[in-house]
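Colleague: I am new to reading models like this one. Could you take me through the terms as we go?

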Amino acid sequence: MKKTLGVVMIVKDEAEVIADCLESVKDADAIYIVDTGSEDDTIKICKRYTKNVYKYKWNDDFAAARNFALSKCDTDVVFSIDADEVLKTPIQRIKDTINSYNFSKYLGIVIQTQTENERLSQLRIFRNIEEIQWHGAIHEMIMYNGKLFKDRCLNTSFELQSGYSPAHKKDPDRNLRILKHQLEKDDKDTRSMYYIAREYINRQDLDTAIEWLNKYFQIAYFRSATDFKDWTNELADACQLLAMCYADKGNLKMAASAAVTAVLVLPSFSAPMEMLAALFKDSYPVAHEFWQYLASRVNNAGILFDRKKS
């Protein structure tokens with residue numbers, strides 16, 4: 001019997017973008033949408049594509065909302081997509097893949113998401129089994145019995161184009177609010193510290209971003225030493241963010257130091273090598289050529305974000 005594919009979404013005030021998203025996935029076997037309080041025509045638009053539209057009271061917890069949506073899904077495989085994203089790969093290719101022998105040994109599928117500034121590999125398609133649930137109030141992750149399961153996922157070139165929903169402007173401090181609330185519950189939550197730093201970088205508040213990155217490092221180095229496999233990419237990216245902050249502030253010595261650390265943490269990461277090549281271009285030609293050569297030889301395996309545009 002063929003495995004069925006269900007698209008699962010949580011939405012709020014997405015009338016400006018959601019039609020394009022739903023049009024790109026309309027040939028899924030089913031679509032399940034949970035609305036967390038829309039005041040525009042979002043629900044009306046959704047009902048053109050599916051009868052499976054449910055309401056949920058928002059409580060600043062993305063995992064809780066996504067797990068509620070997941071509870072409504074009765075297909076064999078789940079495809080999680082956001083309202084401001086568009087599937088660029090024909091959905092039939094995904095349906096064919098989940099019904100192939102190649103997928104039989106996997107729990108999920110990793111796809112490629114392209115934003116305005118970054119490209120990242122994400123687990124978005126997974127088996128609809130009770131062991132797989134969302135975790136984390138924000139920047140939530142899909143886990144199997146509470147653990148990451150990257151080694152049990154099929155990597156693909158399936159592609160999502162991610163935009164920026166106008167709905168974000170209605171609550172611009174939402175992410176920072178939730179992240180800081182998470183830290184109130186667990187003051188050693190390094191993942192929240194990392195994303196708080198990113199929030200301040202996006203606001204161009206580099207001094208505060210550096211403060212949060214340094215708080216992150218005080219704990220993350222030790223966490224990565226005991227659980228190196230799962231968090232190396234985040235630690236390396238945090239080092240690269242620190243290098244970028246210092247470079248933008250004109251502190252090239254500290255930028256170089258942070259970039260070298262990023263390479264030591266994740267030797268496949270080309271971005272810090274490219275930064276080092278640029279930093280040494282005029283002052284130290286031999287070092288410039290060395291880092292430029294290394295950057296051309298690595299493959300970015302395991303990186304968290306690729307900040308080169310497609």
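Modeller: Start with pairing: two strands pair if DSSP finds at least two bridges between them. Helices (H or I, at least four residues) and strands (E, at least two) are DSSP runs, numbered from the N terminus. This is a predicted model, where local features need pLDDT of at least 70, side-chain atom pairs count only at pLDDT 80 or more, and totals for chains, interfaces and linings use all residues. Residues are numbered from 1 along each chain as its sequence is written, and side-chain values use heavy atoms, with hydrogens and water left out.

Colleague: What makes E1 and E4 (residues 77-80) a pair?

Modeller: DSSP must find at least two bridges. E1 and E4 have 4, and they run parallel. In one of them, valine 7 partners phenylalanine 79 of E4.

Colleague: How many bridges join E1 to E2 (residues 30-35)?

Modeller: There are 6, again in the parallel sense. Glycine 6 stands opposite alanine 30 in E2.

Colleague: Why is E1 (residues 5-11) called largely enclosed?

Modeller: Buried means under 20% relative accessible area (exposed is over 50%, partly exposed in between; 1.4 Å probe, protein chains only). In E1, 7 of the 7 residues are buried, so the rest of the structure largely encloses this strand.

Colleague: Which residues of E1 point one way, and which the other?

Modeller: Leu5, Val7, Met9 and Val11 point one way; Gly6, Val8 and Ile10 point the other. In a regular strand, side chains alternate between the two faces of the sheet.
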